[in-house]
Amino acid sequence: MKQFDKEIKKRAKDFQVPDTYNKKVDAILETIQQDNVSAPKKKTFVNVAIVIAMFCVIVTGYFLFSTARKVEASFLDSFKQTILDFFGMDREESEKLGVKSEKEDAVSKPDLMMELQEVVMDSQNIYAVIKITAPADIEFNESMTFDYFGFCEGSNYNAENAVTGVRDCILLETLKGKPNVATYVLNISTDKQVKEGKEVTAFFKDLIAEPYDSTPDILVEGMWNLTFTASYTSTENITVKGTEDMTYSMLGETISIKKVKLLPLGMTVIMDVSEIPIDILHTSDTRVTVRLKMMDGSEVLVDSPEEGVKIFTDASSVSEYEKKGRVLNKYVCQFPKAIDINQVMGVYIEDCYVSLKEYE
């Protein structure tokens with residue numbers, strides 16, 4: 001403190017001030033020394049700390065703001081880059097190398113929610129009831145279906161594992177008071193048996209309106225899958241193997257019936273068409289008339305190639321394959337509703353009658 005006092009005195013003498021002023025300063029310093037009052041260092045330190053802190057905040061804020069601006073600008077610059085930038089070339093260079101890119105405008109569309117309600121199936125028929133919830137602005141009606149649909153084996157859609165056959169997807173009903181909620185029936189009549197215990201996936205692509213128009217309106221775009229395990233809910237069937245007398249005439253040749261299989265949901269008939277020349281077989285209508293003879297004496301026209309007649313089948317198909325050097329046709333049809341096969345006495349294939357009575 002004495003050194004500090006001497007320094008003050010020394011500097012005070014350098015100023016050209018009156019002697020009375022120096023005496024007053026000396027008196028004040030003498031008083032401070034006698035009272036031994038120390039300077040408020042803590043308060044001064046706090047004030048300095050606050051000033052330094054504020055300065056740091058300002059500098060840090062400026063730095064962060066500047067950095068954020070740079071990061072944001074950098075992000076926007078990278079976001080604006082094209083796929084040509086990814087390849088490290090400009091437009092002129094890309095045209096020189098024959099690499100072109102196109103930008104397309106895509107409009108996002110609302111999605112669908114699907115739930116598998118129930119499945120009814122046997123060895124050749126699958127019926128699946130699907131509950132579909134669409135956005136509120138979509139109202140289901142009979143003119144709406146899917147652009148592509150069906151079943152495939154496995155837990156995901158795979159075109160190579162698609163189950164072949166005649167398939168349909170029709171509106172069953174809409175929920176009362178909620179036209180955007182509906183149930184559809186997806187069904188297939190197949191000549192490819194789906195074995196029990198195998199995973200099966202029902203698939204749907206693009207909900208459309210007026211499917212038979214040349215340019216149908218796509219209401220909801222997307223691909224949906226629903227997977228379930230194959231389990232025959234209908235196992236009852238009557239199968240009859242063909243005999244030598246089970247024949248009929250087609251295109252001037254004799255056709256042999258090799259097997260008839262009747263199920264509650266449909267039927268299969270396998271016919272030997274080897275006697276028909278291949279060129280004629282492949283250019284002719286080989287559909288057949290099929291009738292069921294019931295126990296009460298009535299008949300049910302299942303299928304017919306004739307136009308305008310009312311038939312019972314919902315869907316049918318004829319496929320060709322070879323086995324042991326013979327050419328076979330497999331006729332498969334699906335019924336619109338289940339029948340009691342125990343009430344069927346026999347089946348007419350054209351004019352050939354195959355009795356089922358002894359197989360009850």
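Buried means under 20% relative accessible area, exposed over 50%, and partly exposed in between (1.4 Å probe, protein chains only). The model is predicted, so local features need pLDDT of at least 70, side-chain atom pairs count only at pLDDT 80 or more, and totals for chains, interfaces and linings use all residues. Numbering runs from 1 along each chain as its sequence is written, and side-chain values use heavy atoms, with hydrogens and water left out.

**Exercise 1.** Classify the ring pair Phe 140 and Tyr 184.

Step 1: rings of Phe, Tyr and Trp (its six-membered ring) pair if their centres lie within 6.5 Å; planes under 30 degrees apart are stacked, over 60 edge-to-face, the rest tilted.
Step 2: the centres of Phe 140 and Tyr 184 are 5.8 Å apart and the planes sit at 65°, so call it edge-to-face.
Step 3: 44 residues separate the two, with Phe 140 in the loop between strands S2 (125–133) and S3 and Tyr 184 in strand S5 (residues 178–189); strands (E, at least two residues) are DSSP runs numbered from the N terminus.
Step 4: both Phe 140 and Tyr 184 are buried.

**Exercise 2.** Now do Tyr 148 and Tyr 157.

Step 1: with centres 6.2 Å apart and planes at 90°, this pair is edge-to-face.
Step 2: Tyr 148 is partly exposed at 28% relative accessible area, and Tyr 157 is partly exposed at 29%.

**Exercise 3.** Find the ring cluster around Phe 140.

Step 1: a search of the whole structure turns up 10 aromatic pairs.
Step 2: ring pairs join Phe 140, Phe 146, Tyr 184, Phe 204 and Trp 224 into a cluster.

Methods
Helices (H or I, at least four residues) and strands (E, at least two) are DSSP runs, numbered from the N terminus.
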